[in-house]
Amino acid sequence: MTQAAVLEKDWKASATNELESLARSGGTFNADTLRERGVTEPDHPNQWGALFGAAHKRGLITTADYSSSQRKSRHGGFLHAWKGVPHAGA
């Protein structure tokens with residue numbers, strides 16, 4: 001396995017753990033929340049969307065709100081806010 005594949009796997013595991021923890025809390029959160037909790041940037045920015053898309057498909061989260069990102073690197077791009085689904089994954 002290449003170093004990039006190992007790093008991607010480590011990022012995905014770390015990000016998934018934080019996302020699942022936030023989902024269980026029932027609060028509203030987004031990718032910036034995961035960053036604030038110590039999740040580093042992935043190798044490619046599209047991995048954020050894949051992470052949240054997979055959690056949504058698993059029934060762990062649902063869309064709570066929409067806004068524009070305040071991160072300079074996102075240039076005001078579209079940002080989903082998510083909320084944990086009660087009893088999901090229990």
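Analyst: The answer below goes through the aromatic pairs and then the salt bridges. The model is predicted, and every value given here is computed from it.

Aromatic pairs come first. A pair of aromatic rings is described by the distance of the centres and the angle of the planes. The count of such pairs comes to three. One of them joins Trp11 and Trp48 edge-to-face, with 5.2 Å centre to centre and 85° between the planes. This pair links distant parts of the chain, since Trp11 belongs to helix α1 (residues 3-25) and Trp48 to helix α3 (residues 46-57), 37 residues apart. Trp11 and Trp48 are both buried.

Another pair brings together Phe52 and Trp82, whose ring centres are 5.8 Å apart; their planes are at 10°, so this pair is stacked. It too links distant parts of the chain: Phe52 is in helix α3 and Trp82 in strand β3 (residues 78-84), 30 residues apart. Phe52 is buried, as is Trp82. Ring pairs also bring in Phe29, giving a cluster of Phe29, Phe52 and Trp82.

Now the charged groups. Side chains of opposite charge can pair when their charged atoms come close. The whole structure contains four salt bridges. In one of them, Arg37 meets Glu18 at 2.6 Å, N to O. Arg37 sits in the loop between α2 (31-36) and α3, while Glu18 is in helix α1, 19 residues apart, and the pair links distant parts of the chain. Arg37 has 40% relative accessibility and therefore counts as partly exposed. Glu18, at 21%, also counts as partly exposed, because the buried class is limited to values under 20%.

Arg58 has a relative accessible area of 53% and is exposed, because the exposed class begins over 50%.

A further salt bridge forms between the side chains of Glu41 and Arg35, at 2.5 Å, N to O. Glu41 is partly exposed, with a relative accessible area of 41%, whereas Arg35, at 17% relative accessibility, counts as buried. Shared partners extend this contact into one network of salt bridges that joins Asp32, Arg35 and Glu41.

Technical notes. Residues numbered from 1 in each chain as written. Predicted model: local features only at pLDDT ≥ 70, side-chain atom pairs only at ≥ 80, totals over all residues. Heavy atoms only, no water. Phe/Tyr/Trp six-rings, centres within 6.5 Å; stacked < 30°, edge-to-face > 60°. Helix = DSSP H or I, 4+ residues; strand = E, 2+ residues; numbered from the N terminus. Buried < 20%, exposed > 50% of the residue type's maximum accessible area, 1.4 Å probe, protein only.
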